[in-house]
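Take a look at it first, and then we'll go through it piece by piece.

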Amino acid sequence: MSLNLLLQVSPAGTTSTLGTANPVSIAIFFLFVAVTLYITYWAAKKTKTGSEFYAAGRNISGFQNGLALAGDYMSAASFLGIAGMVAIRGYDGLIYSIGFLVGWPLIMFLVAEPLRNLGKYTFADVVAYRLRQRPIRIASSVGSLMTIAFYLIAQMVGAGTLIQTLFGLDYEIAVFVVGIVMTCYVLFGGMIATTWVQIIKAVLLLSGATILVLLAMAQFNFSPGALFDSVKEQYGADMLAPGGYITNPLDAISLGLALMLGTAGLPHILMRFYTVPDDKAARKSVFVATGFIGYFYILTFFIGFSAMALVGKDSIEVLDKGGNMAALLLAEHTGGSAFLGFIASVAFATILAVVAGLTLSGASSISHDLYVHVVKKGVSDEKGEIKVAKRATIFLGVLAIGLGLIFKGQNVAFMVGLAFSIAASANFPALLMSIIWKGFTTRGAVLSIVTGAILSLVLIVLSPTVWVDVFGNAEAIFPLKNPALVSMTSAFVVGIIASLLGPEKDAADKFESEKLRTYLGVGSEK
Amino acid sequence: MSKTKTNEILQSAAFKKLVKNRWSISLAFTFLMLFVYIGFLMVVAYQKDTLKMPVGESLNLAIIVGMGIILFSWLITGVYVYWANNYYDAAVKEIKKDL
């Protein structure tokens with residue numbers, strides 16, 4: 001990046017420079033990629049064993065993992081999307097963002113410690129611990145891979161569109177850049193590189209958002225009251241209270257459950273608990289992550305309202321009906337185009353980090369669950385396993401690029417909701433029941449996972465989100481926007497009934513001896 | 001570890017109490033969290049006007065409650081960590097002494 005280019009920063013004018021190549025953002029983005037690729041190079045030298053590739057040698061501290069978890073979870077969609085939702089719809093955006101936070105305490109109370117103590121690399125390790133390996137591994141990897149695939153499509157399409165809007169770069173080029181760079185992280189640096197990419201991204205995103213809020217609040221003499229008064233004056237007091245977001249309470253509960261319990265069933269989040277040395281560090285990392293994510297949603301709330309008050313709803317809606325550009329317009333308004341460039345490149349880095357985490361967890365599901373425990377029946381040398389994991393990474397990288405290109409211009413907004421619904425319905429019930437219920441059986445687990453996955457998929461197609469919004473039909477066949485209320489409840493019920501109908505003595509016996517490992521950490525992976 | 005030793009620990013009162021306490025706390029906190037969040041959604045659905053009540057000069061109840069839930073979610077994980085670090089870990093240490 002030459003100095004000459006850096007000097008061409010255009011002054012903040014009345015019209016936005018969004019969509020033109022911003023030299024600051026290009027410079028910062030290249031710096032980010034250079035630093036993270038250097039870290040990948042450094043991590044590659046330390047990535048030889050399976051535990052290093054999948055779990056960073058279990059050497060990440062509780063605090064570092066907390067930041068990395070936050071980095072994995074705070075997507076560009078939540079940064080730009082939630083700030084935008086607040087900027088357009090006011091308080092309703094906060095209701096939505098709260099749903100993404102309340103799952104974290106449940107991860108703490110229900111899964112983090114048993115997961116760390118019982119498992120090795122994937123959450124299927126825990127489900128399969130005392131059940132029959134093959135059927136469980138096949139079913140859980142289907143649940144994992146479906147969650148990852150839909151999440152990945154939403155991220156890749158989001159990346160392409162966002163970068164096109166921000167930098168004026170072609171959609172296709174953006175998708176290729178994201179796909180290739182993140183594949184490099186995972187392929188060469190495994191979990192060590194992925195963890196550090198997440199940490200750097202989390203620090204960049206949190207500090208960028210903090211500076212943005214400070215710059216905006218400076219215009220209100222740092223008084224939140226003055227900000228809210230300005231919103232009230234321009235748009236009325238109703239903006240500061242719940243509006244039309246919840247019209248049907250069942251709809252709200254169903255989406256709420258998907259977000260809350262789906263968080264505790266996201267494979268790339270669950271996998272991170274294997275990177276810390278023990279259960280104590282696992283619990284600390286949830287506390288740290290919850291704090292940072294909560295803080296982040298408070299920031300997006302202020303960013304949204306500041307954008308509404310300072311930039312104006314109309315100017316935001318002109319660029320994007322959903323308000324996705326609100327945070328960026330606010331950045332330009334308060335800090336000029338140089339700061340806009342900074343925030344834009346942070347958003348880009350955010351996407352890269354999230355897709356890297358997804359790809360790594362997908363690759364471990366393919367290599368550890370499917371290859372080792374299904375194809376090789378549990379006996380495989382470490383070298384062979386890592387080789388398969390690396391091939392799976394390349395395959396997923398190509399797949400991510402392919403899916404990004406195929407779904408260009410499609411309405412993929414429902415896919416995040418679908419990913420959460422599958423995570424809440426296919427992954428979470430089986431994981432929870434395997435941890436707490438002695439009578440849980442192989443058949444119960446498989447049927448529960450299959451029920452949760454299929455119902456999520458079928459019902460979302462019949463729901464207003466796809467049947468009406470995507471296919472353009474007048475009326476939906478299934479009334480709820482998110483199917484989790486039905487699909488998750490069914491997954492629990494099917495799992496319980498199937499287990500009660502055919503008890504599995506072996507599994508129940510092993511449950512007792514497994515307790516030593518679950519609660520005391522005796523024999524846990526070091 | 002020998003099978004008898006394992007069984008001894010599994011059957012011991014201390015271990016049973018440990019497991020029972022762990023799930024009593026975890027499940028109580030889980031239901032509390034579910035209650036707070038679902039309760040909030042229900043208030044939003046049925047009692048919108050209550051949330052519009054002004055608090056102080058510029059704030060209203062909705063903002064206080066929303067921010068409060070974010071803070072609560074974080075604090076409750078903190079309480080759990082405090083409990084686990086001080087009580088759970090101590091009990092585990094005590095039981096492991098016998099190993």
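Leaving aside its neighbours within four places in sequence, which residues is Ala307(A) in contact with? The list runs Ala83(A), Ala87(A), Ile316(A), Ala326(A), Ala327(A), Leu329(A) and Leu330(A). Keep in mind that we're looking at a predicted model here.

**The core around that residue**

Ala307(A) belongs to the largest nonpolar core, a set of 227 residues. Together with Ala327(A), Ile343(A) and Val355(A), Ala307(A) is among the residues with the most contacts inside this core. The biggest contributor is helix H16 of chain A, residues 326–375, which gives 29 residues. As a bit of background, nonpolar side chains in soluble globular proteins tend to be buried together.

**Two chains, side by side**

Now zoom out to the chains themselves. Chain A has 22 helices and zero strands. Its radius of gyration is 23 Å, close to the 24 Å that the globule rule gives for 526 residues, so chain A is as compact as a globular protein of that length. Chain B has four helices and two strands, and reading along its sequence gives the pattern α-α-α-β-β-α. For chain B the radius of gyration is 21 Å, well over the 13 Å from the globule rule for 99 residues, so this chain is more spread out than a compact globule.

Here are some further values for each chain:

| Chain | Property | Value |
|---|---|---|
| Chain A | span of the C-alpha trace along its principal axes | about 70 × 55 × 40 Å |
| Chain B | span of the C-alpha trace along its principal axes | about 65 × 25 × 15 Å |
| Chain A | buried residues | 62% of the 526 residues |
| Chain B | buried residues | 25% of the 99 residues |
| Chain A | share of contacts with a separation of 6 or more that join residues 24 or more positions apart | 82% |
| Chain B | share of contacts with a separation of 6 or more that join residues 24 or more positions apart | 56% |

**Where the chains meet**

Is Met260(A) buried or exposed? It has 27 C-beta neighbours inside 10 Å, so Met260(A) counts as buried. Not counting residues up to four places away in sequence, Met260(A) touches Gly99(A), Val102(A), Gly103(A) and Leu106(A), plus Tyr37(B) from the other chain. Take Leu106(A): it is 154 residues from Met260(A) in sequence, yet their C-alpha atoms are 7.9 Å apart in space.

**A pair of crossing helices**

Back within chain A, have a look at helix H4 (residues 62–73) and helix H10 (residues 171–218). They pack at an angle of about 75°, with their axes 7 Å apart. That makes H4(A) roughly perpendicular to H10(A). From H4(A), the contact uses Gln64(A), Leu67(A), Ala68(A), Ala70(A), Gly71(A) and Asp72(A). H10(A) answers with Thr195(A), Gln198(A), Ile199(A), Lys201(A), Ala202(A) and Val203(A). The residues in this contact come to six nonpolar, four polar and two charged.

**A loop with two positive phi values**

Most residues other than glycine have a negative phi. Ala56(A) has a phi near 50°, a positive value in a residue other than glycine. Ala56(A) is found in the loop between helix H3 (50–55) and H4 of chain A. Arg58(A) also lies in the loop between H3 and H4, and its phi is near 55°, again positive in a residue other than glycine.

Arg58(A) is partly exposed, with 19 other C-beta atoms within 10 Å.

Notes:
Residues are numbered from 1 along each chain as its sequence is written. Chains are lettered from A and ligands numbered from 1 in the order in which they are written. This is a predicted model: local features need pLDDT of at least 70, side-chain atom pairs count only at pLDDT 80 or more; totals for chains, interfaces and linings use all residues. The radius of gyration is taken over C-alpha atoms; the globule rule is 2.2 Å times the number of residues to the power 0.38. A residue is buried if 20 or more other C-beta atoms lie within 10 Å of its own, exposed if 12 or fewer, and partly exposed in between; C-beta atoms are placed from the backbone. Two residues are in contact if their C-beta atoms, placed from the backbone, lie within 7 Å. A nonpolar core is a set of buried Ala, Val, Leu, Ile, Met, Phe, Trp, Tyr and Cys residues joined through C-beta atoms within 7 Å. Axes are lines fitted to C-alpha atoms, for helices over the stretch in contact, and angles run from 0 to 180 degrees between N-to-C directions. Angles under 35 degrees count as roughly parallel, over 145 as roughly antiparallel, 65 to 115 as roughly perpendicular and the rest as oblique. Ala, Val, Leu, Ile, Met, Phe, Trp, Tyr, Cys and Pro count as nonpolar, Asp, Glu, Lys and Arg as charged, and the others, Gly among them, as polar.
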